[in-house]
Amino acid sequence: MTVFRLSLLTWPFFGCLALIAACSAPAEQSALPPDGNIVTIVGAIHGQHRRSETYSLAVLRAAIVKFDPDIIMVELPPERFAKASANYEKFGEVRESRADDFPELVEVVFPLQKDMGYQMIPVAAWTQKIADDRRAATARLEKDPARSRDWSAHQAANRAYSQTVSGRSDDPLFIHNEVYDQAVKLRQETYEKLFGKDLGPGGWKNINAAHYTKIAAALDELKGQKKRILILYGAWHKYWFLEQLQKRDDIQLISAAALFDD
């Protein structure tokens, strides 16, 4: 995976990103096997869905209905998904702490399944231990005076990202666009370069690789079934997954932007 130097994380660089906006998200692949699956990735903004009119839960719901998936891969670990599913079946409510952080699941995907009949597959690799270890490592790093230059570099990357997404962080058309993906990539891969080794399994590269392993395994199981598959994940993860999915020759990978372009 390419790691960009901090010198690239300046505002003038982002002006150049407009030149590649036309390449936003992957175009439909033409050489799809006759029994291939159609795959798209929708980037969620979690709690911000509840505060946004532009990318509200109703807007997300309409996009899912428009895609008409057979399968939705969701950002939950298998054990938490099992609990959430059992609770929803029994009580009509998810009642699972991790899922509660994702209103796109609690208020859209679980309820909508009854009407649309799609299958849900959990594809998150987070565990409580990974989360706890990552939190503890971050706390140590923040207090370590020897890492102050690293934190300054990280903050500079944050500012560059914020300049690019300012006023558009809840615009679904912008979120499903190459400019957004590149801004996230520069921010997160700077973070990985500075702190990845310290964070271990919870580092950006490691956790995305673990998440994608589950996505890839699920796609392998579904190979040749002519399914419409929607991967719903936090929007920052989207670029990482797209880069891996573009290497597959057994799927038709399409941009989710068209789902929001009314």
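## Overall surface and composition

The chain has an accessible surface of about 12700 Å², and 51% of that area belongs to carbon and sulfur atoms (Shrake-Rupley method, 1.4 Å probe). This is a predicted model, in which local features need pLDDT of at least 70 and side-chain atom pairs count only at pLDDT 80 or more, while totals for chains, interfaces and linings use all residues. Residues are numbered from 1 along each chain as its sequence is written, and side-chain values use heavy atoms, with hydrogens and water left out.

The chain contains 11 helices and 5 strands, taken as DSSP runs numbered from the N terminus (helices H or I, at least four residues; strands E, at least two). Of its 262 residues, 51% count as buried (under 20% relative accessible area; exposed is over 50%, partly exposed in between; 1.4 Å probe, protein chains only). Among contacts (heavy atoms within 4.5 Å) between residues at least 6 apart in sequence, 82% join residues at least 24 apart.

## Helix 6

Helix 6 comprises 16 residues (128-143); at 1.5 Å a residue it should span 22 Å, and its end C-alpha atoms lie 23 Å apart, which agrees. The expected span is 1.5 Å times one less than the number of residues.

Ile130, Ala137, Thr138 and Leu141 are buried in this helix. Lys129, Arg135, Arg140, Glu142 and Lys143 are exposed on the other side. The cover over the buried residues includes helix 7 (148-165) and helix 9 (178-199).

## Leu194 in helix 9

Leu194 belongs to helix 9 and counts as buried, at 18% relative accessibility. Beyond its neighbours within four places in sequence, Leu194 contacts Arg147, Asp150, Ala153 and His154. The C-alpha atoms of Leu194 and Arg149 are 9.8 Å apart, with the two residues 45 apart along the chain.
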